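Here's a quick briefing for anyone opening this entry for the very first time. Have a look at the picture, then read on.

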Number of protein chains: 2
Amino acid sequence: MRQTIDDRHWFTEPCEEGGSAFSFRLGPGGKLHEETTPYQTIAIYDTAFYGTLMVIDGFVMLSARDNFLYHEMMSHPVLFTHPAPRRVLIIGGGDCGTLREVLRHPGVESAVQVEIDERVTRLAEQYFPELCEANHDPRAQFRFTDGIKWVEEAEAGSYDVIIVDSTDPIGPAEGLFQEPFYRACHRALGEDGLLVQQSESPLYHAELMRDMAAAMRAGGFAATHSLYFPQPVYPSGWWSATLAGKHDSLTTFREADVDARPFATRYYNRDIHRGALATPEFMM
Amino acid sequence: MRQTIDDRHWFTEPCEEGGSAFSFRLGPGGKLHEETTPYQTIAIYDTAFYGTLMVIDGFVMLSARDNFLYHEMMSHPVLFTHPAPRRVLIIGGGDCGTLREVLRHPGVESAVQVEIDERVTRLAEQYFPELCEANHDPRAQFRFTDGIKWVEEAEAGSYDVIIVDSTDPIGPAEGLFQEPFYRACHRALGEDGLLVQQSESPLYHAELMRDMAAAMRAGGFAATHSLYFPQPVYPSGWWSATLAGKHDSLTTFREADVDARPFATRYYNRDIHRGALATPEFMM
């Protein structure tokens, strides 16, 4: 372990499996907040370039500067792949950034965010107000409880899209990467139901990506397809999300609706969506 | 400046403009070599995950683990965009990785690599032999001299493709990012001539990318288009290369030839090429 983690001028996240570390120069605010909840330790930093930074148990969750990449790619591709998504479930996503993007879609009638740790959301409201600007939308619902249990107890066919916006597959999030969870998601989804889940770094976690896709299919999904996108604050700077569908129609999407979308994006557009579907040769 | 740069267990590259730093855990070999040439200081490290690492003046040039991303994207897109590239000029590229990819194309009749510092190539031969495996190809030529001067003195229309595989636009490489150089490239290129140049991080250097494209057009090129791809060892992990063409035909390429390519790639394929052409909304 390097010696300068969390020193006075930098915050550093080492990544064991990548033999790498990414560091943020801190701004004048330094460490703005730290608290230990029943689930984890949450810290908030002021950084020089990346703006406000949220860190959970030493792992970077998001920065104000580049979270648009992740949040747009976790929400718009899956929503534009589904023919008519009305009922959306977000597992995790306590910072509310995914929720905000989901609610930009006028066709969405309800979006339930099931985050286990309410403090993540309360701190997001305080330190990332821009991500929480849709929290008072009447279509938004918040449940602070266990996402796995929520999906197991959900009525069959009650969601069109499930977005798993979770931490890494260690600790409380581990069960979110396993077949029983995917089987429960499959049951909770309607006829054209789609699941999308963050699936780590293609460079560091290719095996995890393959295992996840296999578990999704074992859980009942007919097809899986990964999306690739940059996410500088996550290990290696290259990230992925994996789609799972009840039908094999994950590589076509409502392109005309993307072009006519009634909201602004900073990264996502039709070509970016198509490009994110491209599979690197080594992942074939 | 953080205090642990180049300590015993890690090599760290800080990035001033990104307020960030990327660190590599060192392997048992530690620092394998360091020398100061008339141009720069070159260091070679053994890292735990990224394999052998070359660093010039403190800036990471390449790692054994992930250079395939950069080298494939610096060579195959431009070569499959040109209708029939026969004569290729590489400016910089002393590690020979781009040269190796260029020579995979059977239609290429000559590839001249013009690197200012012969020691980069000699160290690549020693520490990155896999990148130098095409160095004895009879189509390969090596000139250790100034790339700007080489292009200025080149016969008009004598190259089909110019690849600028340079260091950052500070120090000796600065002139490679300016209009007079692009004007000389334009003159040195044949009728369907194409230029491609590494153009830094979209997150950190969007303004540089725009300035570069403007300078390319001011230098006589009819069109420019940037390619986006992951490159974990470069600042932010997200990188770009910018194409410039004498004609406005940079977004179509020989797709059937890509599919029928007689060589293996690790990242590049037809969908990846198309995807790399997608422009993020914030760069529109």
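This is a predicted model: local features need pLDDT of at least 70, side-chain atom pairs count only at pLDDT 80 or more; totals for chains, interfaces and linings use all residues.

Chain A and chain B superpose through a rotation of 180 degrees with 0.0 Å of shift along the axis, at an RMSD of 0.0 Å. That's the relation of a two-fold axis.

**How the copies are related**

- In general, a rotation about an axis plus a shift along it relates two copies of a chain.
- Here the rotation is 180 degrees and the shift is 0.0 Å.
- Within chain A, Gly275(A) has the C-alpha nearest the axis, at 1.7 Å from it.

**Where the chains touch**

- Chain A brings 39 residues to the contact, and chain B brings 39 residues too.
- On the chain A side, strand 2 (20-36) and helix 8 (270-276) each supply at least two residues.
- Strand 2 of chain A gives the most to that side, with 6 residues.
- Sorted by class, the side of chain A that touches chain B holds 18 nonpolar, 14 polar and 7 charged residues.
- The copies meet through the same surface, because 100% of the interface residues of chain A are also interface residues in chain B.

**Strand to strand across the interface**

- Strand 2 of chain A and strand 2 (residues 20-36) of chain B run antiparallel, and 5 bridges join them.
- For a spot to look at, take Phe24(A), whose bridge partner in strand 2 of chain B is Ser20(B).

**The sheet in chain A**

- Chain A has an open sheet of 7 strands with mixed pairing, in the order 8-7-6-9-10-12-11.
- Strand 8 (140-143) and strand 11 (223-230) of chain A are the edge strands, and each of them pairs on one side only.
- From one strand to the next, the twist averages 15 degrees.
- Strand 11 of chain A pairs with strand 12 (residues 238-245) of chain A in the antiparallel sense, over 8 bridges.
- Leu227(A) has Ala241(A) as its bridge partner in strand 12 of chain A.

**Helices packed on that sheet**

- Helix 1 (residues 67-81) of chain A packs on the sheet and touches strand 9 (159-165), strand 10 (189-198), strand 11 and strand 12 of chain A.
- The direction of helix 1 makes about 160 degrees with that of strand 9 of chain A.
- Helix 5 (residues 179-188) of chain A also packs on the sheet, touching strand 9, strand 10 and strand 12 of chain A.
- The direction of helix 5 makes about 140 degrees with that of strand 10 of chain A.

Methods
Residues are numbered from 1 along each chain as its sequence is written. Chains are lettered from A and ligands numbered from 1 in the order in which they are written. Two residues are in contact if their C-beta atoms, placed from the backbone, lie within 7 Å. Helices (H or I, at least four residues) and strands (E, at least two) are DSSP runs, numbered from the N terminus. Ala, Val, Leu, Ile, Met, Phe, Trp, Tyr, Cys and Pro count as nonpolar, Asp, Glu, Lys and Arg as charged, and the others, Gly among them, as polar. Two strands pair if DSSP finds at least two bridges between them. Axes are lines fitted to C-alpha atoms, for helices over the stretch in contact, and angles run from 0 to 180 degrees between N-to-C directions. Copies are superposed by least squares on the C-alpha atoms of residues with pLDDT of at least 70 in both.
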